[in-house]
Amino acid sequence: MIPRIVISLAFLISANAVAHATQIYCDTITKDDRNSTINDMCKIVISDQKWNTSSVDLSSVILPKFEKFSLIGINGSFSLDDFFSTKTSLEKLHIYGSVMHVIQIPAKLESLLVTGCQTRQVVIANTDEYRYGIHTLVLVENQISEIPHRIDQLIQLKSLDMANNLLEKVNFTEFNGLKELNFVDLSLNRIRVVSIEMVDLPKLLKLDLSQNLLKSIPRNFGQLRALDDLNLSYNKLEYVEMSHFNGLTKLKVLDLQFNNLLIGSLAPAILPALEVLRLESCHLQQLDLFGIEMPKLKKLYLNDNKLEYVEWFNKEVYEGAGLNLYGDRNPWNCNWLPEMHPRVKFVRQQDRIICRRFEKNVCCVGNDYTTERKADRRWQVVKEQNRQIFMVLEEQQDKVRILGENCGMIGEQLAEIENTLAKVMRVVEAIAARVD
């Protein structure tokens, strides 16, 4: 028989725990998305006017029976793990209208959205006790300056959106291990450097690096072999070496619009699946497609450039049933247009009203694209290609120099070891002589 005093003590402890528990209610209940047929998102406004977060034990709160929550009004430190400790599963969490400089991702969470919260750091625990279940991570309009440390722990992650932050460089080796990752948006940052070395992301389909500060593209984009949509628009790109995209055998859309570009290829460039190439507003005066094979190209956007013609624009470039060329507001040469392949179709232009001359139903300006002008524009590309070659040679020279320095240091260390061994041997010989 259990003594009465023990029963009374247990009841007292239980009653005390209940008394200190904080019941949380939804401020509003809404539909998670437009297609939802039920109200399944619980919105909670967290403010000191309602309850003092600094004095409440977050691990003792009692939450409504929902699996999707939106939190608003957080100001300062706030433990999401403690707040949702009573939840065995948590499908989605959206935090906005708050100030949270540091956020730790709850292990049980499937989808986390943090928008406009002045977040600077995202903490991912290094633990073998549990596996993260998160598949969607959205961290937009914050103040994050680097890819979250240990992001490779999020092994089920499929979608990562870090648009509109303060990123300046990205090394894709940080994503190694994320076998399910299929979408990455790093647009609207300050990225100047992208490194792609020994990367294995077998399901990465879409990569958005638009509206950054990139001046060049990495040589080994081909390691992202699953890509079918690559956006590099609105950067500071000056020259694009098309052969750097070799290996992207599944790429269907390549967006380079709104860069001040020269296009060229020092080696054969093969994009066997490319269907859409966007080069609008790139200040192009010359475009030479020699050595660039895009057999399935369907749409080529060249609007708002300074092109009179496109060199090597023939059946070796594309082999499809037809190609739509969007070429508004270019000073097309009237003699070049008849040379185009019959499968190339100019999409109806918007500047037809002010046009004075048409060739093949396309607005054109004059007949003279002289050899001198063609050579001058070609020379611009050649100069840039030479600069690229010299950059590669300098990088190789630096590597050889560093290797030589390392070899020299190793040689010096070996010499020191040899001298030390010689001293030891002399000591051993002296001891042996005394023993004799």
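1. R329 has a relative accessible area of 37% and is therefore partly exposed (buried means under 20% relative accessible area, exposed over 50%, partly exposed in between, with a 1.4 Å probe and protein chains only). R329 forms a salt bridge with D304, with 2.5 Å between the closest N and O atoms (a salt bridge is a side-chain nitrogen of Lys or Arg within 4 Å of a carboxyl oxygen of Asp or Glu). This pair links distant parts of the chain, 25 residues apart: R329 is in the loop between strand 24 and strand 25, and D304 is in the loop between strand 23 and strand 24. D304 counts as partly exposed, at 32% relative accessibility.

2. This is a predicted model, in which local features need pLDDT of at least 70 and side-chain atom pairs count only at pLDDT 80 or more, while totals for chains, interfaces and linings use all residues. Residues are numbered from 1 along each chain as its sequence is written, and side-chain values use heavy atoms, with hydrogens and water left out.

3. The count of salt bridges comes to 10. One of them joins the side chains of K68 and D40, at 3.2 Å from N to O. The two residues are 28 residues apart and link distant parts of the chain, K68 being in strand 5 (residues 68-72) and D40 in the loop between strand 2 and strand 3. (Strands are DSSP runs of E of at least two residues, helices are runs of H or I of at least four, and both are numbered from the N terminus.) K68 is buried, with a relative accessible area of 11%; D40 also counts as buried, at 15%.

4. K203 and E180 form another salt bridge, their closest N and O atoms 3.0 Å apart. The pair links distant parts of the chain, 23 residues apart: K203 lies in the loop between strand 14 (193-195) and strand 15 (206-208), E180 in the loop between strand 12 (169-171) and strand 13 (183-185). K203 is partly exposed at 41% relative accessible area, and E180 is partly exposed at 29%.

5. The whole structure holds 2 disulfides (a disulfide is a pair of cysteine sulfur atoms within 2.5 Å). One joins C26 to C42, with an S to S distance of 2.0 Å. The torsion about its S-S bond is about -115 degrees, so the disulfide of C26 and C42 is left-handed. It links distant parts of the chain, 16 residues apart, with C26 in the loop between strand 1 (22-23) and strand 2 (28-30) and C42 in strand 3 (residues 41-45). C42 is buried, with a relative accessible area of 0%.

6. C334 and C364 form a disulfide with sulfur atoms 2.1 Å apart. The torsion about the S-S bond is about 100 degrees, so this disulfide is right-handed. C334 lies in the loop between strand 24 (323-326) and strand 25 (344-346) and C364 in the loop between strand 27 (362-363) and helix 3 (371-435), so the pair ties together parts 30 residues apart in sequence. Both C334 and C364 are buried.

7. Two further cysteines deserve a mention. C117 is buried, with a relative accessible area of 0%. C282 counts as buried, at 0% relative accessibility.
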